[in-house]
Amino acid sequence: SFRNAQFSAIGNIVVSAVALPFVDLLTPIVGGTYAFSIMATTAAVLFFIAATLIVRVSEPYDKGQPKDAPGMPVVTLGDMVKSVVTNGQLLVLLLGQSIFQTATQVAMGIMTYYFMFVLGNFTLMALALTIQGIFGFVGSIVGPKVGTKLGKKNAMVTGMLIYGVMSFGIAFFAANSFVVYIIFQSANMIGTYFFMSFGNLYFLDCGEYGYWKTGKDNRAVALAMGNMPIKIGMALGGALGAYGLELIGYIPGMAPSAEFTARFMYLFGGLPGGLALLAGLILLFAYKLRDVDCELYARENEERVRAAMAASGE
C-alpha cells in the first residue's frame, strides 16, 4: 500500500510537469482542441498498457474462490448489498471519505480559474502542480511513518483536519501570492498522505469487522467500496464547483473585480476547507475501528476460514 502511494505520487509529478506544456507545445501546430485530444489519447494508451501489465502480474494471485468449494459459505447479491448497508463502520468511512474527496475535487475543478483570474498567469499552474507533486512524493515517504505511529484512524482524521485548516489559509491569504498558495497546498499534500498511503486498508478493516460480526465473508465487497469515495467526490465536487462559480457571479470572458476575487477565494479555499473539517470530525467521533481490534478480527476470521475448510475435509 505504501509503495502504491509512492509510485502514484511519482506519476503525479510526471503528469503535472508534462501535460500542460505538451498541450501548449501542440496548440500552435494543431489547435487547442486537437492538442487536448492528443494528450487525452496518449494518456488513454498509457493507461491501457499499464492496466494490462498489472493484470498479467496479478493473475497468479487472483484465482478466486471456486463456486463449488465445500465448506465455504455462498454469498448472494442480496448478501453483498446487506453487508454494506448493515455495516455501520463501513458507512461512516464511506461518508467521511466521500465528503473529503468532494472537498479535494472542488478545489481541483476550479483551480484553473485561480491562476487565470486571481493570479493572472495560467502558466504558473503547471509549476504549481509539479511542486505539489514533489511534496506529495515527500508525503508518501514521510506519511506512512507518521501514520503508523498515529494509527490508521488518527492518521486519517489528522490528515483531513490539516487539509481543512490549510485550505482556509488559502482562502484568506493566497489571493495575491503564488508562494503562499504553494506553502499551504504543499502542507495539504503532506497531510493527505498521512492516510492516503494506507489506501484501501481502511475498507479491508471494515470488511474484517463485518465478517467477524456477522460470519458472512463479504470482505471483497467492502474492498470494492474503496473506489466509491473518489467517484462520488468527482461528481459532487465538480457540480459544487460549477454551481459555486455561477453563484458568485462568474461570466465567461469577464474581467475579474476585487469583489469577485474575494468571493472566489472563499469558494476555492473556504468550501473545501469546511468540507474537509466536516469529514475529519465525522470520522473522529463516529469511526470506532482501532488497529488493534482490526488485527484481532483478521486473526479470528482466518481461524474461522481454516476451521470451515478442516470441517469439510479440505
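# A guided tour of a helical chain

Begin by selecting arginine 263 and glutamate 259: they form a salt bridge in which the closest N and O atoms are 2.8 Å apart. The model on the screen is a predicted one. Both residues belong to helix H11, which runs over residues 258–286, and they are four residues apart, about one turn of the helix. An α-helix has 3.6 residues a turn, so residues three or four places apart point the same way. Colour the two by accessibility next. Arginine 263 is partly exposed, with a relative accessible area of 30%. Glutamate 259 is exposed, because its relative accessible area of 56% is over the 50% cut-off.

**The whole chain**

How many helices and how many strands does the protein chain have? The protein chain has twelve helices and zero strands. Along its principal axes, the C-alpha trace spans about 75 × 45 × 35 Å. The protein chain has 314 residues, of which 40% count as buried.

Asparagine 154 lies in helix H6 and counts as partly exposed, at 37% relative accessibility.

**Further salt bridges**

The whole structure contains seven salt bridges. For one of them, select lysine 152 and aspartate 205, where the closest N and O atoms are 3.2 Å apart. Are lysine 152 and aspartate 205 buried or exposed? Both residues are buried.

Move on to aspartate 217 and arginine 219. Their side chains also meet in a salt bridge, at 2.8 Å from N to O. Aspartate 217 is partly exposed, with a relative accessible area of 23%. Arginine 219, at 18% relative accessibility, counts as buried, because the cut-off for burial is under 20%.

**A kink in helix H5**

Select helix H5, residues 124–150, and follow its axis to valine 142. A kink of about 40° lies at valine 142, shortly before proline 144. Continue past the end of H5 to glycine 151, which follows the helix and has a positive phi, near 95°.

**Aromatic pairs**

Next, show the side chains of the aromatic residues. A pair of aromatic rings is described by the distance of the centres and the angle of the planes. The structure holds 21 aromatic pairs.

Select phenylalanine 100 and phenylalanine 195. The ring centres are 5.4 Å apart and the planes stand at 70°, so the pair is edge-to-face. Phenylalanine 100 lies in helix H4 (residues 88–118) and phenylalanine 195 in helix H7 (residues 178–196), so the pair ties together parts that are 95 residues apart in sequence. Phenylalanine 100 counts as buried at 2% relative accessibility, and phenylalanine 195 is buried with a relative accessible area of 4%.

Then select tyrosine 114 and phenylalanine 268. Their rings form a stacked pair, 5.0 Å from centre to centre with 20° between the planes. This pair links distant parts of the chain, since tyrosine 114 lies in helix H4 and phenylalanine 268 in helix H11, 154 residues apart. Tyrosine 114 and phenylalanine 268 are both buried.

**The largest pocket**

Rolling a probe the size of a water molecule over the atoms shows where empty space is left. The largest pocket has a volume of about 2000 Å³. Which residues lie closest to its centre? Of the 48 residues lining the pocket, the closest to the centre are Ser8, Asn12, Tyr193, Met196 and Ile230.

Select helix H1, residues 2–30, to see which element gives the most to this lining: H1 supplies nine residues. Finally, colour the lining of the largest pocket by residue type: 26 of its residues are nonpolar, 21 are polar and one is charged.

Methods: Residues numbered from 1 in each chain as written. Predicted model: local features only at pLDDT ≥ 70, side-chain atom pairs only at ≥ 80, totals over all residues. Heavy atoms only, no water. 1 Å grid on protein atoms, 1.4 Å probe; cavity = no way out; pocket = protein on both sides within 12 Å on 5 of 7 lines; lining within 4 Å. Points joined across faces, edges and corners; volume = space filled by probe spheres on them. Helix = DSSP H or I, 4+ residues; strand = E, 2+ residues; numbered from the N terminus. Nonpolar A, V, L, I, M, F, W, Y, C, P; charged D, E, K, R; others polar. Salt bridge = Lys/Arg side-chain N within 4 Å of Asp/Glu carboxyl O. Buried < 20%, exposed > 50% of the residue type's maximum accessible area, 1.4 Å probe, protein only. Bend = angle between axes of the 7 residues up to and from the residue. Phe/Tyr/Trp six-rings, centres within 6.5 Å; stacked < 30°, edge-to-face > 60°.
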